[in-house]
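Here's a quick briefing to read with the model open. Grab a viewer and follow along topic by topic.

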Amino acid sequence: MSTMRGVLVAPFLLGASQAPPTTPLPHPAKPGDGFEVSRYSVALTPNIPNKTIAGREMVTLRPTVDGIQRLIFSGNALVIDSATIDDMPVVHDLRGDALGFDLPRPLRRGRSVTLRLSYHGRPARGFAGSAATLYTSYFACDWMICSQNTFGEKAAFTLDLTVPAGMTSLSVGAMVAKRRGPDGTEVHRWRVARPYSAYLYGFAVGPFTKISEPFGPNRLTYLSDVATGEELKRRFAETPDMVAFLADKAGVPLPVATYSQLLVEGDEAQEAATYSVLGTNALPTKPDDPADEWAIMHELTHQWWGNLITCEALKDFWLNEGITTFMTAAWKEHRYGRAAYDAELDVAKRRVERARAAGFDKPLAWDGTYPSLTVWRAIHYSKGALFMAHLRTLLGDDAFWGGLRRYTRDHAGGTVTSIDLERAMEASSGRDLRSLFLEWVFGGGAPHSVAG
């Protein structure tokens with residue numbers, strides 16, 4: 001996700017828990033309550049100049065409780081034209097940030113059903129581009145029907161994009177088919193190889209310059225409407241070395257067959273499941289400048305921590321962002337030396353100090369309400385990075401990097417809580433880290449599972 005260099009990131013429902021319900025919920029309270037989605041199949045026709053869409057969608061879901069009578073997804077600005085569940089019409093309404101569908105009959109736990117939708121409109125967030133291009137950024141549930149903050153729910157995703165003939169498209173996964181559409185259009189089918197959390201879905205369409213290069217069994221692809229092929233090679237020249245560094249530290253190779261980086265105008269810095277969108281203003285203005293070199297590394301790092309391994313709930317989002325922020329510092333140490341590592345951590349220290357000066361400092365996995373997004377990021381990004389650096393100093397490099405590799409390998413493709421990181425670090429170091437994690441992560445009065 002966009003880092004803390006002044007780039008806007010998602011305004012979360014701060015303090016909201018995403019734990020799955022364990023008791024009957026005939027009338028759920030928030031998006032994702034009472035059901036799990038296994039697949040989203042979406043067909044979109046974006047209007048690039050107007051930044052509008054028309055879409056059809058099939059949501060395959062399974063109730064996790066008996067008797068659920070209402071399905072809630074994240075609210076958005078789209079107009080729902082029709083909605084059925086297993087071919088029976090359903091009534092929908094929008095109540096604040098919740099888009100609800102009242103069911104014709106209660107659903108049984110464990111029985112898969114299909115919600116079919118058609119809609120149109122102008123997404124309120126997460127749509128950007130020029131007169132000739134369009135790309136999404138973070139807010140997938142503004143251009144499709146899904147639950148934005150159910151991080152622990154990973155679903156399969158297929159997207160059929162109807163675009164003007166000759167346009168280049170980008171989405172998560174790989175383009176598996178291309179066919180002629182009506183009236184001089186093409187339909188590009190994109191499919192992702194493994195399930196991902198909904199906030200990681202995205203797409204882009206435009207007359208992009210596109211180049212690619214092999215990286216072992218993978219490919220690295222660079223696209224832009226504002227840069228030539230030669231400039232793209234220069235701008236992203238560090239990417240192969242960054243991938244090699246991260247694969248070594250994670251103990252897991254690049255988790256996607258093709259990783260793409262889309263260069264656009266502006267300050268964008270946002271990851272998606274298999275690609276990143278990066279603004280020209282977020283990239284270094286001159287070579288070998290460690291102070292400015294953060295966006296490419298940060299968003300690439302999310303391919304491991306955040307995308308491959310995802311926190312189960314919002315309170316553990318520091319596992320996505322704190323580890324990634326720390327890894328940016330670790331890369332700078334590898335590339336430029338110890339002074340660059342210290343300088344990056346000093347940035348994090350200053351942000352945490354500002355939050356403390358404002359009277360707000362919480363354990364990393366605190367589940368309360370933050371006063372602002374800036375303070376939330378100071379804890380989850382910056383304090384999370386400082387905790388990882390503290391662990392490294394305390395345990396030593398062998399045990400620390402061994403623990404991170406264990407954590408990554410053991411949970412690849414799945415979801416995690418803070419306990420999972422503690423267990424991995426304890427197993428690698430042979431030390432009892434309960435008191436340390438209580439101090440930094442859970443808080444002295446927080447419930448704490450026995451690590452082992």
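The torsion about the S-S bond of Cys 141 and Cys 146 is about -120 degrees, so this disulfide is left-handed. A disulfide here is a pair of cysteine sulfur atoms within 2.5 Å, and this one has an S to S distance of 1.9 Å. Keep in mind that this is a predicted model, where local features need pLDDT of at least 70 and side-chain atom pairs count only at pLDDT 80 or more, while totals for chains, interfaces and linings use all residues. Residues are numbered from 1 along each chain as its sequence is written, and side-chain values use heavy atoms, with hydrogens and water left out.

**Cysteines**
- Searching the whole structure turns up 1 disulfide.
- Cys 141 is buried at 1% relative accessible area, and Cys 146 is buried at 0% (buried means under 20% relative accessible area, exposed over 50%, partly exposed in between, with a 1.4 Å probe and protein chains only).
- What about Cys 311? Its sulfur sits 15 Å from the closest cysteine sulfur, in Cys 141, which is too far for a bond.
- Cys 311 also counts as buried, with 0% relative accessibility.

**Around Ser 147**
- Ser 147 lies in the loop between strand 10 (134-136) and strand 11 (154-164); helices (H or I, at least four residues) and strands (E, at least two) are DSSP runs, numbered from the N terminus.
- Ser 147 counts as buried, at 2% relative accessibility.
- Leaving aside neighbours within four places in sequence, Ser 147 is in contact (heavy atoms within 4.5 Å) with residues including Tyr 40, Phe 73, Cys 141 and Ala 198.
- Ser 147 and Glu 186 are 39 residues apart along the chain, and their C-alpha atoms are separated by 29 Å.

**Sheets and a hairpin**
- Strand 3 pairs with strand 7 (residues 98-107) over 6 bridges in the antiparallel sense, and Leu 71 stands opposite Phe 101 in strand 7.
- Another open sheet has 4 strands in the order 9-10-16-12, with antiparallel pairing.
- Strand 9 (127-128) and strand 12 (168-171) are at its edges with a single partner strand each, so one side of each has no neighbour in the sheet.
- Strand 10 and strand 16 (residues 203-206) run antiparallel, joined by 2 bridges; Tyr 135 has Ala 204 in strand 16 as its bridge partner.
- Strand 17 (residues 209-215) and strand 18 (residues 218-224) run antiparallel, with 7 bridges joining them, and Glu 213 has Leu 220 in strand 18 as its bridge partner.
- That hairpin has 2 residues between the strands, and Gly 216 takes a positive phi near 60 degrees.

**Helix pair**
- The axes of helix 4 (residues 318-336) and helix 5 (residues 338-357) come within 6 Å and cross at roughly 155 degrees; axes are lines fitted to C-alpha atoms, for helices over the stretch in contact, and angles run from 0 to 180 degrees between N-to-C directions.
- Helix 4 and helix 5 are therefore roughly antiparallel to each other (angles over 145 degrees count as roughly antiparallel, under 35 as roughly parallel, 65 to 115 as roughly perpendicular and the rest as oblique).
- Among the residues that meet between the two helices are Phe 326 and Tyr 336 in helix 4, and Tyr 341 and Leu 345 in helix 5.

How values were computed
Pairing = 2+ DSSP bridges.
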